[in-house]
Amino acid sequence: MTQLIAIIRGVEAENILEITEGLLEAGVDTLEVSLSNEQQGLECIRTIKTAYGNQLNLGAGTVISEQQADKALEAGATFLITPGWDKELTKYILSKEIPIFPGVFSPGEIMQAASLGIETVKLFPVSDLGTSFIKNVKGPFPNMNFMAVGGVTHNNIAELKNAGCSYFAIGSDLVPRGATKKDKEKIKKNAEGYIKLLEEV
């Protein structure tokens, strides 16, 4: 999985292939398709899976129930991300032997995730938690990998990486909500800019 993860939200399936192509051309091979609009998200996952198969890491985000998890896996998702901490949902997804990156917001939730063998958690919303929080929790959880989500931009990604984040999932600042195939080159250029920033840190 690349350091940079593109979050796809609010994109119609008829536009998703060109957007995916632009991201791949830029070097982003990990996509998280949000299920905030479940039907739309599942359709995008199926479309991407059919066209690109094993060329990328394709996951589903905003997974809030066991039923959604099952639907996402059936559609072709290979990893799942939750918006917040739900121990029972996390255990259910782990039972499927599928990678899960659960959302956390406190040391207590990180500790619960670690107790289940989770190696990477999603800090969300990272813009509210801040870099001092990341640095502080790295102390008691030195082996936990942090995925920064929620408010990651060109202006703070280097700071978040220096604070201790390993992965960066970016939504509207990379792929705008409602993006269409006409936005392919803009998204590609945007992704290249993010990759360059991470390489320079």
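The legends below describe close-up views of a predicted model. Local features need pLDDT of at least 70 and side-chain atom pairs count only at pLDDT 80 or more, while totals for chains, interfaces and linings use all residues. Residues are numbered from 1 along each chain as its sequence is written, and side-chain values use heavy atoms, with hydrogens and water left out.

**View 1. Helix α1 packs with helix α8.** Two packed helices are described by the angle between their axes and the distance between the axes. Helices are DSSP runs (H or I, at least four residues) numbered from the N terminus. For α1 (residues 13-26) and α8 (residues 184-200), the angle is about 30° and the axes are 8 Å apart. Axes are lines fitted to C-alpha atoms over the stretch in contact, and angles run from 0 to 180 degrees between N-to-C directions. The two helices are therefore roughly parallel (angles under 35 degrees; over 145 is roughly antiparallel, 65 to 115 roughly perpendicular, and the rest oblique). Their crossing is right-handed, meaning that the near helix is turned clockwise from the far one by less than a right angle. Contact means heavy atoms within 4.5 Å. On the α1 side the contact includes Glu 18, Ile 19 and Gly 22, and on the α8 side it includes Lys 184, Ile 187 and Ala 191. The contact residues divide into 6 nonpolar, 1 polar and 6 charged (Ala, Val, Leu, Ile, Met, Phe, Trp, Tyr, Cys and Pro are nonpolar; Asp, Glu, Lys and Arg are charged; the others, Gly among them, are polar).

**View 2. Helix α1 also packs with helix α2.** The angle between α1 and α2 (residues 38-52) is about 55°, and their axes are 9 Å apart. These helices are therefore oblique to each other, and their crossing is right-handed. Among the residues that meet are Ile 16, Leu 17 and Leu 24 in α1, and Cys 44, Ile 48 and Tyr 52 in α2. This contact has 8 nonpolar, 2 polar and 2 charged residues.

**View 3. Cys 44 and Cys 165 are both buried.** The relative accessible area is 2% for Cys 44 and 4% for Cys 165. Buried means under 20%, exposed over 50%, and partly exposed in between (1.4 Å probe, protein chains only). The whole structure has 0 disulfides, a disulfide being a pair of cysteine sulfur atoms within 2.5 Å.

**View 4. Gln 112 lies in helix α5 (residues 107-115).** Gln 112 is partly exposed, at 31% relative accessibility. Leaving aside residues up to four places away in sequence, Gln 112 touches Trp 85 and Lys 87. The C-alpha atoms of Gln 112 and Ser 172 are separated by 30 Å.
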